[in-house]
Amino acid sequence: MTASGQTVQDIKTDYDAIVIGAGIAGLYQLYKLRELGLNVRVFEAGTGVGGTWYWNRYPGARFDSESYSYAYSFSQELLDEWDWSEHFASQPEILRYLQHVANKFDLLKDIQFSSDVKSAIYDEHSRTWEIALENGSKYRTRFLIAGIGLLSQPTMPKIEGIASFQGPSFHTSRWPHEPVDFSNKKVAVIGTGASGIQAIQEICKDVGQLTVFQRRPNWSAPLNNDKINPEEMGKIRSGYDDMFDLCNQTQAGFLHTVDPRSTFEVTEKERYEFWEHLYAGRGFGIWMGNFKDVATDPKANKLMSDFLADKIRSRVNDPDVAEKLIPKDHGFGTRRVPMETKYFEAYNQDNVELVDINENPIEQITPSGIVTQEKDFEFDFIIYATGFNAILGSYDRINIEGTNGQKLRDQWKQELSSFLGIQINNFPNLFMILGPHALLGNNPRSIEYNVEWITTLIDFMRERGLTRAEATPEAVDSWYNYVVEQGEGLLSNQIDSWMTGVNSNLEGRQKRILARYSGSQASYRERCDEVASNSYAELNLL
Ligand code: NAP
């Protein structure tokens with residue numbers, strides 16, 4: 001009962017639930033909450049649906065996971081009617097798919113575009129959230145769900161003179177909506193992560209001169225993409241049930257299963273035959289389907305890395321360039337493996353140059369190009385493939401205040417923690433889809449799981465007239481310990497990358513943190529299911 005004699009349930013809100021983001025997560029969350037009969041609004045900063053696949057329009061952007069395994073599984077009708085044209089679909093096709101989903105399920109009427117959420121303030125008295133948009137409008141809701149992505153806030157390098165460049169320049173994830181013509185143009189790309197590699201191997205096909213500024217190379221492996229013909233699509237379609245069952249059982253939700261053998265229990269001949277087989281195979285097989293110890297045993301990892309180094313040497317004509325493209329500071333798979341298609345061969349073109357900025361640092365950007373220690377380069381375009389304020393950035397940019405005015409960004413500065421990657425103590429009725437310490441991997445699989453978990457909880461609360469859900473500090477601590485325990489021994493947690501929260505372009509983000517849950521999908525889901533089946537005893541439900 002409130003001071004005015006109203007019950008909390010009677011308090012009027014604009015919406016039962018507000019969802020932030022109309023990407024894969026937000027669209028499905030809207031669909032599920034509508035099924036419960038809730039009045040839902042989605043606020044989306046972009047002008048259309050798609051999230052990641054709306055923003056990342058750079059040439060060459062495509063799935064690195066098999067299209068059919070990286071899409072929604074929830075609707076048989078959708079599975080039956082949608083044909084994928086390639087094993088690894090390109091961004092335009094993925095965006096068409098997500099637009100189709102939005103139209104098919106009549107989602108657009110509840111989505112408000114060009115609506116950037118500026119703040120979200122919790123009010124204990126009414127147990128509601130007040131959401132303010134950049135344009136000043138405000139809305140009240142009982143439940144707030146963040147589907148804001150873990151790689152959605154781009155970061156730019158801090159280089160002197162960066163704003164002075166006169167030509168067009170853009171970050172890969174803020175690409176113009178109009179086609180960009182690079183033919184006969186001088187183009188710079190800074191950054192060689194998954195985005196840079198996809199863009200470089202595409203831009204090099206029709207460009208005057210392409211110069212790549214590389215700080216650290218990555219272990220990149222062939223995507224081995226192919227078209228899907230109608231007969232093959234028919235087979236994929238008839239195997240969907242088994243395929244999704246398989247995805248639900250693998251370590252990170254992909255089609256590829258860790259090989260139960262260790263690198264050293266097979267003969268040398270068997271080992272290299274297996275690695276050749278993986279190198280010729282599709283997608284993440286080489287990363288996710290490798291011998292079980294490649295991810296944990298430095299000796300096994302070194303052998304695998306040496307195998308790939310030789311592949312790079314065999315594909316790049318200039319031995320000096322090949323050596324620059326071989327990572328020396330981390331082993332294979334310890335950072336997210338970018339998938340490539342003739343990426344290394346790009347450096348065999350006369351009009352493609354690799355600049356190792358460790359040897360020849362960038363000094364400044366000028367109105368006409370980039371000045372390095374050794375040379376002045378003139379460019380028509382500069383492309384920043386310099387990554388994201390990963391995991392935290394999409395939350396930090398919104399002023400989120402929970403109980404007693406506690407700011408989320410301050411709480412997470414002390415220590416990044418959550419419960420199941422879904423809830424946070426001091427932030428009642430706020431739910432995250434793929435928040436910090438949730439399971440990453442095959443993200444649409446994890447998204448569907450998170451969305452269904454959140455929906456079931458909201459349904460549980462509504463059936464019982466409950467209006468407030470908050471993870472207890474004990475539950476958050478216990479999840480933190482579980483995340484630590486599950487990540488033990490993984491080489492990837494001992495290397496600087498966005499997966500360990502490191503970003504050289506951001507203040508205070510030079511040290512590794514525990515940023516993600518890196519255990520198996522099975523152990524993640526088991527724990528989440530247990531919480532639900534114990535009637536959410538680890539949440540404070542009122
Ligand atoms: P990223 O992996 O963080 O790579 C950023 C690149 O920019 C790195 O090479 C980095 O060098 C370089 N860089 C950053 N700041 C720099 C500076 N100040 N000076 C020079 N170089 C600088 O970012 P990303 O390539 O955008 O990929 C991020 C993640 O997005 C991927 O790992 C993946 O999970 C996802 N992604 C997915 C797909 C897909 O599924 N198809 C495609 C693209 C991206 P250092 O390595 O030295 O820091």
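## Close-ups of a domain boundary and a ligand site

Domain 1 and domain 2 bury about 2000 Å² between them, and 49% of that area is on carbon and sulfur atoms. Three residues of domain 1, namely Tyr58, Asp64 and Asn505, supply 31% of the area that this domain buries against domain 2, more than any other three residues. Keep in mind that everything here comes from a predicted model.

**View 1. The chain is divided into three domains.** Domain 1 takes in residues 8-153 plus 390-541. Domain 2 is built from 156-219 plus 333-387, and domain 3 from 259-294 plus 296-325. If you take the centres of domain 1 and domain 2 over their C-alpha atoms, 32 Å separate them.

**View 2. Here is where domain 1 meets domain 2.** On the domain 1 side, 24 residues are in contact, and they touch 25 residues of domain 2. Look for the nine residue pairs in polar contact between these two domains.

**View 3. Zoom in on Asp64 and Arg336, whose side chains form a salt bridge.** The N to O distance in this pair is 2.7 Å. How many salt bridges are there between domain 1 and domain 2? The count is one. Asp64 also turns up among the three residues that supply 31% of the area domain 1 buries against domain 2.

View 4. From Arg215, a polar side-chain atom sits 2.8 Å from a ligand oxygen atom. Gly193 uses its backbone instead: a polar atom there is 3.4 Å from an oxygen atom of the ligand. Asn505 has a polar side-chain atom 2.9 Å from a nitrogen atom of the ligand. On its own the ligand has 910 Å² of accessible area, and the protein covers 86% of it.

Definitions and conventions: Residues numbered from 1 in each chain as written. Predicted model: local features only at pLDDT ≥ 70, side-chain atom pairs only at ≥ 80, totals over all residues. Heavy atoms only, no water. Domains from an automatic or database assignment. Contact = heavy atoms within 4.5 Å. Buried area = accessible area lost by both parts, 1.4 Å probe. Salt bridge = Lys/Arg side-chain N within 4 Å of Asp/Glu carboxyl O. Polar contact = N/O pair within 3.5 Å; in protein donor to acceptor, adjacent residues only side chain to side chain. Areas by Shrake-Rupley, 256 points an atom, 1.4 Å probe, with all protein chains shown as cover.
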